[in-house]
Amino acid sequence: MERYFQEELECAPREKILALQNEKLLAQVKNVWENVPYYRAKMQEKNLTPDDIKSVDDLHKLPFLSKADLKAAYPYGLLARPLKDCVRIQSTSGTTGKRVVAFYTQHDIDVWEECCARAIVAAGGTNEDVCQVSYGYGLFTGGPGLNGGSHKVGCLTIPASSGNTERQIMFIMDLSATILCCTPSYAAYLGETMKEMGLTPEQIPLKAGIFGAEAWSEEMRRDIEKTLGIKAYDIYGLTEISGPGVSFECSEQHGMHINEDHFIAEIIDPDTGEVLPEGTQGELVFTSLDKEAFPLLRYRTRDICTLTREKCSCGRTHVRMTKPRGRSDDMLIIRGVNVFPSQIETVLLNNGYAANYQIIVDRVNNTDTFDINVEMTPDMFTDNVGEIQARRKVLEDGLRAMLGIKAKVTLVNPKTITRSEGKAVRVIDKRKI
Amino acid sequence: MSVNQVSVFLENKPGTLNKMTQALAKGGVNIRALSLADTNDFGIVRMIVNDVYEATSVLKEENFVATFTPVLIYAVSDETGSLDKILRAFTESEVNIEYMYAFAGKKNAYMIFRVTDTKKAEALLNGKGLKSLTQEEIAEV
Ligand SMILES: [Zn+2]
């Protein structure tokens, strides 16, 4: 039987959610107008006042926020509460060079942890469970978020944090951990290591895993489920909006329910900014309705996905999003297939290589060529030519499984990937289209 | 005693091998023997050098990936059948040779062997009166 952490909200009829969103949005717009001069100026540029926003239907009138705004307003420019009300920051490294620093009041942390608790309960968690949190703790939201959610559910929480694989496995086995929270690549690594140690899925006490914070494929999910003997659930979130738990998978394992009582999701055309109809692929945009300290309106995630309101058999009424395929501005279309560098990174790390690579795309005789230069590492080097070729084959197979198309891997010397202003050039697209 | 051979990864780009020899020359490393295993798109250089630690540290500075590999080195005198005698000893020991290469010393020629089980091969050949050279002896020949 499906269980919920907050059934009255998670399974509320659509009208009730909409009414809640309308009420919260109006209050949030007013809050931001009064307390965040940066956003007020953006609204004024569009000749908007809070009175122009009467319901969720007017949301599209509001200006977007993007990573560039976060950078421009760094560090305190988007803060809506005096520091005496704030109790924590979390931070993530930004691709634009500046770190993202997000602020939380105690209320913000409570809401965030409740969202994570919903994800844990949706994965079957109860207060009888032993929940091992192997996400990194600290500035990264993964550890603190799931840790808080696990407490709210009442699980016995093991704050293992990341790393020290031997100790991770010892806790799982000795304390009979039943739920594992970490990145999918670390789950895969733990699974492989336990298999090498001769542990069978039957011997491993885990029954569910909540994995997020990086791109992973269905194939990877099946592999992890098989080696660990669990059901693996996806979880999504971003520091700017709160952290993990913005959306999560239910027993259906088919799309992640967005916590619509706290966040409004839109899908837009990344080029024009126009809102797209349900079911269309586009860039995901979030408005946080409850955030007190760091309330972002219409924040562009750069994640590409689709939304569906199709009825879900789990009973939850919140809209579902597909697994994001990566960041919109990084996406490449090669032989008609969407390829995201983040997916390549995941496969490289899973196979023991460093995330130092360069994608070279060209078009020869009307067909795209797809080459990836990968830096050799001391770990992957051996004196045996056949062994190096075999390892490269494993990597190419892994890439094909993740991306759906074949790439040719060329091994290169370390630190030879072209750099521009200290940042590696990841993509060279020579196609003239 | 087995000797540490330096194995270096080489990407397939013009001038890479020369960049490596330059780095070694600059570091004052003398290459006694060198062999190149080549594929279409990468290679492995295998070398016997006078100073393995200096060699690996200058290579690392120049962004090469290098590792040590234990190899066995035997003197092959300029007589009929001397190489055959060594190879026969390997065959009788049932140890596989992964690869071999040679270099000329002041008096003798020397064969370098990479085998599947270095310790076993060394012990068995030692039993047949064939002594492999040590790192110090290599410097003298
Ligand atoms: Zn569902």
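These legends walk through a few close-up views of a predicted model.

Residues are counted from 1 along each chain as its sequence is written, while chains get letters from A and ligands get numbers from 1 in the order in which they are written. In this predicted model, local features need pLDDT of at least 70 and side-chain atom pairs count only at pLDDT 80 or more, but totals for chains, interfaces and linings use all residues.

**View 1. Chain A as a whole.** Chain A has 11 helices and 22 strands; helices (H or I, at least four residues) and strands (E, at least two) are DSSP runs, numbered from the N terminus. Of its 433 residues, 45% count as buried. Here, buried takes 20 or more other C-beta atoms within 10 Å of a residue's own, exposed takes 12 or fewer, and partly exposed is in between, with C-beta atoms placed from the backbone.

**View 2. The largest nonpolar core.** A nonpolar core is a set of buried Ala, Val, Leu, Ile, Met, Phe, Trp, Tyr and Cys residues joined through C-beta atoms within 7 Å. The largest one holds 95 residues, and Ile120(A), Ile179(A), Cys181(A), Ile210(A) and Ala265(A) touch the most other members. Helix H5 (residues 106-122) of chain A gives the most to this core, with nine residues. Look out, too, for a second, separate core of 53 residues, which includes Ile344(A), Tyr357(A), Val58(B) and Tyr74(B).

**View 3. Around Ile210(A).** Two residues are in contact if their C-beta atoms, placed from the backbone, lie within 7 Å. Leaving aside neighbours within four places in sequence, the contacts of Ile210(A) include Ala119(A), Leu146(A) and Tyr233(A).

**View 4. Asn22(A) and its partners.** Asn22(A) belongs to helix H2 (residues 14-35) of chain A. It counts as partly exposed because it has 17 C-beta neighbours inside 10 Å. Not counting residues up to four places away in sequence, Asn22(A) touches Ser55(A) and Val56(A). Asn22(A) and Val56(A) sit 34 residues apart in sequence, yet 5.6 Å apart in space, C-alpha to C-alpha.

**View 5. Where chain B meets chain A.** The contact takes 13 residues from chain B and 14 residues from chain A. On the chain B side, S1(B) gives the most, with three residues.

**View 6. A hairpin in chain B.** Strands S5 (residues 97-104) and S6 (residues 109-115) of chain B run antiparallel, joined by seven bridges; two strands pair if DSSP finds at least two bridges between them. S5(B) and S6(B) form a hairpin with four residues between them. Tyr101(B) has Ile112(B) as its bridge partner in S6(B).
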